[in-house]
There are 2 protein chains.
Amino acid sequence: MTQVPLLDQLIDALRCLPGVGQKTAQRMALQVLERNREGGRRLARVLGEAVERIGHCGRCRTLTEDPECAICRSGQRDDALLCVVETPSDLAAIETATGYRGRYFVMHGRLSPLDGLGPRELGLDELARRLDAGEVREMIIATNPTVEGEATAHYLAQLARGRGIRPSRLAHGVPLGGELEYIDRGTLAHAFGMRSEITD
Amino acid sequence: MTQVPLLDQLIDALRCLPGVGQKTAQRMALQVLERNREGGRRLARVLGEAVERIGHCGRCRTLTEDPECAICRSGQRDDALLCVVETPSDLAAIETATGYRGRYFVMHGRLSPLDGLGPRELGLDELARRLDAGEVREMIIATNPTVEGEATAHYLAQLARGRGIRPSRLAHGVPLGGELEYIDRGTLAHAFGMRSEITD
């Protein structure tokens with residue numbers, strides 16, 4: 001038998017997960033086989049189903065197995081607020097951390113002509129149609145504070161302004177609980193420049 | 001639709017993996033769905049097959065989908081040497097780190113009466129039969145240096161001696177590259193007591 005043992009195949013397959021190298025994969029494989037086959041069986045089933053069935057929401061483009069995601073279907077959300085994010089992870093982070101009750105739009109990336117990511121790939125024509133529909137009053141641009149993210153934010157802001165919609169973006173500055181000593185210079189300079197008056 | 005979204009099911013299922021909490025599971029799920037569906041598909045298939053088909057080697061009890069594992073089937077191994085380990089991970093560690101070319105026996109645990117792990121659960125009757133067969137000359141006891149591991153090593157040593165087989169165990173001491181300052185007192189005391197003469 002020259003076939004690769006199943007255990008080695010499993011260890012290799014586990015390495016598709018982010019942050020999982022050879023050693024972690026081996027520990028995972030052995031732990032599942034030794035102690036938690038039921039969990040492994042369930043993971044295999046759900047993962048198989050997820051990669052086949054999960055697609056993009058027809059409205060906000062986030063990941064969902066339904067034609068529209070739960071947030072887009074919800075009647076409890078404010079249609080006047082639209083938050084544009086780069087990835088579903090960013091959406092999840094905002095949902096977890098904030099009390100935001102508006103809608104979302106997921107670009108699955110940021111403008112990056114060198115990688116072939118233009119407005120069309122990011123679904124910005126869809127976004128424009130949505131803005132044209134007239135319900136959105138404020139577009140919260142929550143791109144990452146990278147060079148490409150900033151360029152994308154600029155593009156998005158123009159898209160909104162051209163339609164009389166107010167663009168806004170997340171505040172930058174010193175993170176809560178952060179220590180000035182350890183904060184990068186750019187952030188500190190920005191926070192210093194954007195200081196606000198203390199009123200009580 | 002009150003069903004839990006597939007994405008949430010996937011995040012939850014990923015938590016069966018050791019060291020994977022909510023945040024890591026979310027990152028894994030999104031990364032696989034966004035960037036590596038092919039890897040996810042393969043993992044689902046291999047994992048499903050592994051949990052169903054991988055059992056224990058009929059000879060050494062390690063994990064394998066075959067009736068006997070590759071090491072037991074190999075004609076290149078020395079039948080006179082038998083290394084007894086607690087888990088398949090220990091076997092893998094020894095295979096990776098050392099040039100050992102003998103056989104193995106995997107107990108899947110250590111003697112622990114309170115947990116219901118006695119000689120029978122660890123397959124020590126099988127081990128005894130194997131020792132009775134007369135091929136083994138040296139039994140290398142590679143249990144972990146814990147209280148239960150030591151007790152198990154003691155039991156195994158008696159099993160070997162009673163059959164005229166030489167029991168041996170791994171050397172304990174200061175790890176290579178370790179600094180005396182950071183080594184626990186027990187290890188240091190042991191290494192000090194077991195010091196060997198420098199000869200050249």
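**Entry 1: two helices in chain A**

At what angle do helix α6 and helix α7 of chain A pack, and how far apart are their axes? I looked this up in a predicted model, where local features need pLDDT of at least 70, side-chain atom pairs count only at pLDDT 80 or more, and totals for chains, interfaces and linings use all residues. Residues are numbered from 1 along each chain as its sequence is written, chains are lettered from A and ligands numbered from 1 in the order in which they are written, and side-chain values use heavy atoms, without hydrogens and water.

I found an angle of about 30° between α6 (residues 124-132) and α7 (residues 147-161) of chain A, with the axes 10 Å apart. Helices (H or I, at least four residues) and strands (E, at least two) are DSSP runs, numbered from the N terminus. Axes are lines fitted to C-alpha atoms, for helices over the stretch in contact, and angles run from 0 to 180 degrees between N-to-C directions. α6(A) and α7(A) are therefore roughly parallel to each other (angles under 35 degrees count as such).

Next I listed the contacts (heavy atoms within 4.5 Å). From α6(A) come A:Leu124, A:Leu127 and A:Leu131; they meet A:Tyr155, A:Leu156, A:Leu159 and A:Ala160 in α7(A). I sorted these residues into seven nonpolar, no polar and no charged. Ala, Val, Leu, Ile, Met, Phe, Trp, Tyr, Cys and Pro count as nonpolar, Asp, Glu, Lys and Arg as charged, and the others, Gly among them, as polar.

**Entry 2: the sheet in chain A**

I traced an open sheet of four strands in chain A, in the order β4-β3-β5-β6, with parallel pairing. Strands pair if DSSP finds at least two bridges between them. β4 (102-106) and β6 (166-169) of chain A are the edge strands, each pairing on one side only. The twist from one strand to the next averages 25°.

I then checked β5 (residues 138-142) of chain A: four bridges link β5 to β6(A) in the parallel sense. A:Glu138 has A:Arg166 in β6(A) as its bridge partner. α7(A) packs on this sheet, touching β3 (78-85), β5 and β6 of chain A. The direction of α7(A) makes about 175° with that of β5(A).

**Entry 3: the sheet in chain B**

In chain B I read four strands in an open sheet, ordered β4-β3-β5-β6, and the pairing is parallel. Five bridges join β3 (residues 78-85) to β5 (residues 138-142) of chain B. B:Cys83 stands opposite B:Ile140 in β5(B). Helix α5 (residues 88-97) of chain B packs on the sheet and touches β3, β4 and β5 of chain B.

How values were computed:
Parallel < 35°, antiparallel > 145°, perpendicular 65-115°, else oblique.
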